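Hi,

Here is the structure I promised to pass on. Have a look at it first, and then read on for what turned up.

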Amino acid sequence: MKNIKVFLFFILLTGLTLSCDQKEKIAEAGENNAIETEETLSSEEGEDHPNQVAFMQYPNAKKIMEIDERVDPSRVVKSLRWEKQTKDHGSEFIQVSAFLNEDGFPMKITEQFIDGNFRPQGERNYYLEDQKLIAFIELADVWIDSNITNYIEKRTLYNDDMPVITQTRKAQDYTQIEFENWKNIATEHHSLEKVNKILNGSGEFQTHFISVIKADNLFILLGENKPQNQERYTTALRIDEMTPFIEDLLNNLDKYKFRPVDIEFTVVGGSNEAEYRVLTDIAWKNK
């Protein structure tokens, strides 16, 4: 099996499309992320505001724009798209994209998330230099009640692995956020641990065979080594080729249940079409 290595093992993965209206808002916000980031840092309406001036005094503030300008869609590693059914909050979703620099190291990691029904949803962006976190930006819809959300942005700058300033602003809609001024809040620290585990396929994001799903296409269901009645992360990949491995799997579903697997994927679709994670290679993980 071939694993892609940056500063971690990165597995090239793909996932199912966001389907409901809430998820479409995340995708739309994500497409405008580069523009929003530039407006966040240099909008004409707030560039002279004291909090904006205070933020821009740190060298890492300008590096955010520099990294966004260097992002190359051809150098991106996408994770599986994970779902967890929870008793209290319904379905949670998370997927990660790592944008690599010219040397193959991540310079930006984007985490798209839905924290459940009527809970925050959006994306978190981690900016890195020399494999260290230098900035964090979160763009999220936050529910006020069952019908209304506010669009909230947060940003944090780091110096020598320590947060030095955190700011936030909010509006009724993300199209209005650029007209709002930033407010200083207590500094917040953000960890790369979860996104690294997703990209590594480790911890709760290690892939175990669970079952297959037969619909218009055949899918393989992977996830945590837990029974269905427990909260667990799962992910589904489309199977386009009937290989001897898959045939054996279909004939021995109970025998192989919860056995760990190594996998490779490719992304198909996207650009206003359904996007899928498609299995390209699979083998049982050596114990």
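β4 and strand β14 (residues 233–239) pair in the antiparallel sense, over two bridges; strands count as paired if DSSP finds at least two bridges between them. Within β14, T234 is the bridge partner of E83. β4 also runs antiparallel to β5, and five bridges join the two. Here Q85 stands opposite S91 of β5, and the link from β4 to β5 is a hairpin of three residues.

Before going further, two notes on the source. This is a predicted model, in which local features need pLDDT of at least 70 and side-chain atom pairs count only at pLDDT 80 or more, while totals for chains, interfaces and linings use all residues. Residues are numbered from 1 along each chain as its sequence is written, and side-chain values use heavy atoms, with hydrogens and water left out.

Back to β4 (residues 82–86): its covered face holds W82, K84 and T86, and its uncovered face holds E83 and Q85.

Of the 287 residues, 47% count as buried; buried means under 20% relative accessible area, exposed over 50%, and partly exposed in between, using a 1.4 Å probe and protein chains only. Among contacts (heavy atoms within 4.5 Å) between residues at least 6 apart in sequence, 50% join residues at least 24 apart.

Now the interior. A nonpolar core here is a set of buried Ala, Val, Leu, Ile, Met, Phe, Trp, Tyr and Cys residues joined through side-chain atoms within 4.5 Å. The largest one has 36 residues, and I109, F209, I220, I246, I263, L279 and I282 touch the most other members. Strand β5 (residues 90–100) gives the most to this core, with four residues. Apart from it lies another core, of 17 residues, including A61, M107, L139 and I165.

N60, A61, I64, I67 and D68 are buried in α4. They cover an arc of only 120° around the axis, so they sit on the same side of α4, the arc being that of the directions from the helix axis to the C-beta atoms. P59 and E69, on the other side of α4, are exposed.

Finally, two backbone details. Q131, in the loop between β7 (121–129) and β8 (132–143), has a phi near 65°, a positive value in a residue other than glycine. F258 also has a positive phi, near 70°, and lies in the loop between α7 (253–256) and β15 (261–268). Most residues other than glycine have a negative phi. Q131 is partly exposed at 41% relative accessibility, and F258 is partly exposed at 21%.

Best wishes
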